[in-house]
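Subject: Structure for you to look at

Hello,

Here is the structure I promised to pass on. Please open it alongside this email, and I will take you through what turned up.

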Amino acid sequence: MPSRKIVLRFPSQIVDKPLIYHLVKDYELMVNVLKANVNPFKEGFMVVELSGENDKYEQGLSFLREQGVRIDHLSENIVRNIERCTHCGACTDICPSGALFISRPSMEVIFDDEKCVVCGVCLKTCPVKAIEVNFNGKQ
Amino acid sequence: MGVKKTYAEINEKIKSGKVVVVTAEEIIGMVEEKGVEAVAREVDVVTTGTFGPMCSSGAFFNFGHPKPRIKMHRVWMNGVPAYTGIAAVDAYLGATELPDYDPLNSDYPGEFRYGGGHVIEDLLAGKSIKFEATGYGTDCYPRKKIETYITLDEINEAFLFNPRNAYQNYNIAVNASNKTIYTYMGTLKPNIGNAHYCSAGQLSPLLNDPYYRTIGIGTRIFLGGGVGYVGWNGTQHSPCGPRGENGVPLGGSGTLSVVGDLKQMSPQWLRGASFLGYGATLTVGIGIPIPVLDEESVRLAAVKDSEIFAPVVDYSDDYPNGTGKTLGSLSYAQLKSGVVEINGKEVSTAPLSSYVKAREIAGILKQWIVKGEFLLSEPAQTLPSADSEITFKGLQEKSAP
Ligand code: SF4
Ligand code: SF4
């Protein structure tokens, strides 16, 4: 069963509708909410991981669009804020993919985003919060 | 004839623009090439640097009085409590202090995203800080509450006063248990899955002056991007532990207490930091000049990473339980290579202290001295050294005497 991460944005008047319930009940999709910011007075925002049969998935998305939900495919990427990074190195042995590493002998910390698998471990490990995640939804 | 220089002579050279300054990294190659005596003649000052998390840090503030006046009994800066057991509108904000609402480790491992160190960084960045204080009201200080916003420029005094910084040497932390642990030495993977160290090694101030010949009370230093001073030895200053043949301590050893005007400092060199599962702290940049008084100054300052050793300590058991046991010792050259051998196993290493920034600090201090902006000060008193008979005490649990 394929699983995909998507970003949902919905206008304030529909935030209280049980959308997730319908995805599960009517379209047999498994829903994993990764991030949510739902405020009844504002536009809602949710990052979810959906898994289910391809046709059900497409039908589920159509249902959401009919309800007025804007859907973006999630392109998460990790960026290092070079201004904030102190090159301490604390992230380098925690990163499982070798995307964060020390260049020797200068001891500078390098971030190679080609190697990054977006596991997110460095987000909490970096003591000065120099690692940031971009949830740039793209259509 | 051996080389002899005085502080006064070196300061004259600084003023006349003739001073020769090198960093503690640069001097290593020079000594290898030219020998100690030639370098002692040529070089007048060696600059050192370190940039790492230093928990025993904080700042004193005087906020000024509102009208009517208040004796501040409780103070919060951006929600972080400051210590007020001093005069009416004075307070001390500690780097590791956390807001009352922080979930701490109840949601383990806690993130500790904002603490005293972050407040200090925000003040330095020119940000407006929410200030709250309550008082119980006295005849001379009737006010009971104030809520306002302050910036660093608007308050009377703000000075950094760190009781313990610049540890001479430090442990190498590993985790021999079978689950990940979260410590002030970072996230340690199970079964000795990694090793963390925290020292600038050959660039670190007290490793270049192992017996505190010139770094003492009153020494002028680079502190957080401004000028500061060594105020006293640091807490836990323990100079009598084992040392190598070169005089370099084989573990923690000496520490410094430092002070300086926060208003001169910069958020680039004082940075709030959060250690997952442990707490919040402040990353502090310190640079200390070492005058070349004689050949011995050069010999000591030319120490290199391969000659400085630190003990490997298990932070899952031996450290928390204070057993004093170590799993061997490793040099900073080995640690900096990225892979070491512990208990017959290859282990990857990572630092917590930035060597890149330590080098930058030593370079900035060098420039200040070369430009004649920074003179050296002779200590008013030297720090207790290896002959001081200081013993390192633990806390005993006793019943009432
Ligand atoms: S997200 Fe994961 S893979 Fe990417 S840099 Fe961070 S720790 Fe490495
Ligand atoms: S832990 Fe953060 S500050 Fe340290 S090197 Fe990694 S990204 Fe930079």
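Predicted model: local features only at pLDDT ≥ 70, side-chain atom pairs only at ≥ 80, totals over all residues.

Between chain B and chain A, the salt bridges number two, and 12 residue pairs are in polar contact, both residues being at pLDDT 80 or more.

Which parts of chain B supply at least two residues each to the side that touches chain A? They are the strands β14 (194–197), β18 (270–275) and β24 (345–351), together with the helix α7 (355–370). Of these, β18(B) gives the most, with five residues. Sorted by class, that side of chain B has 11 nonpolar, 12 polar and eight charged residues.

Now for the contact as a whole. Chain B brings 31 residues to it and chain A brings 23. About 1900 Å² is buried between the two chains, and 54% of that is on carbon and sulfur atoms. If you want to find the residues of chain B that lose the most area to chain A, look for R271(B), P351(B) and V356(B), which together account for 24% of what that side buries.

The other topic is aromatic rings. Over all chains, the structure holds 18 aromatic pairs. One of them joins F60(B) and Y92(B) in a tilted arrangement, 4.6 Å from centre to centre and with 55 degrees between the planes. This pair links distant parts of the chain, since F60(B) sits in strand β4 (residues 58–62) and Y92(B) in strand β7 (residues 90–94), 32 residues apart. F60(B) is partly exposed, at a relative accessible area of 29%, whereas Y92(B) counts as buried at 17% relative accessibility.

Another tilted pair is made by F63(B) and F131(B), with 4.5 Å between the centres and 50 degrees between the planes. F63(B) lies in the loop between β4 and β5 (74–77) and F131(B) in strand β8 (residues 129–134), so the pair ties together parts of chain B that are 68 residues apart in sequence.

Finally, do look at the tyrosines: ring pairs link Y167(B), Y170(B), Y184(B), Y278(B), Y315(B) and Y319(B) into a cluster.

Best wishes

Methods
Residues numbered from 1 in each chain as written. Chains lettered and ligands numbered in written order. Heavy atoms only, no water. Contact = heavy atoms within 4.5 Å. Buried area = accessible area lost by both parts, 1.4 Å probe. Salt bridge = Lys/Arg side-chain N within 4 Å of Asp/Glu carboxyl O. Polar contact = N/O pair within 3.5 Å; in protein donor to acceptor, adjacent residues only side chain to side chain. Helix = DSSP H or I, 4+ residues; strand = E, 2+ residues; numbered from the N terminus. Nonpolar A, V, L, I, M, F, W, Y, C, P; charged D, E, K, R; others polar. Phe/Tyr/Trp six-rings, centres within 6.5 Å; stacked < 30°, edge-to-face > 60°. Buried < 20%, exposed > 50% of the residue type's maximum accessible area, 1.4 Å probe, protein only.
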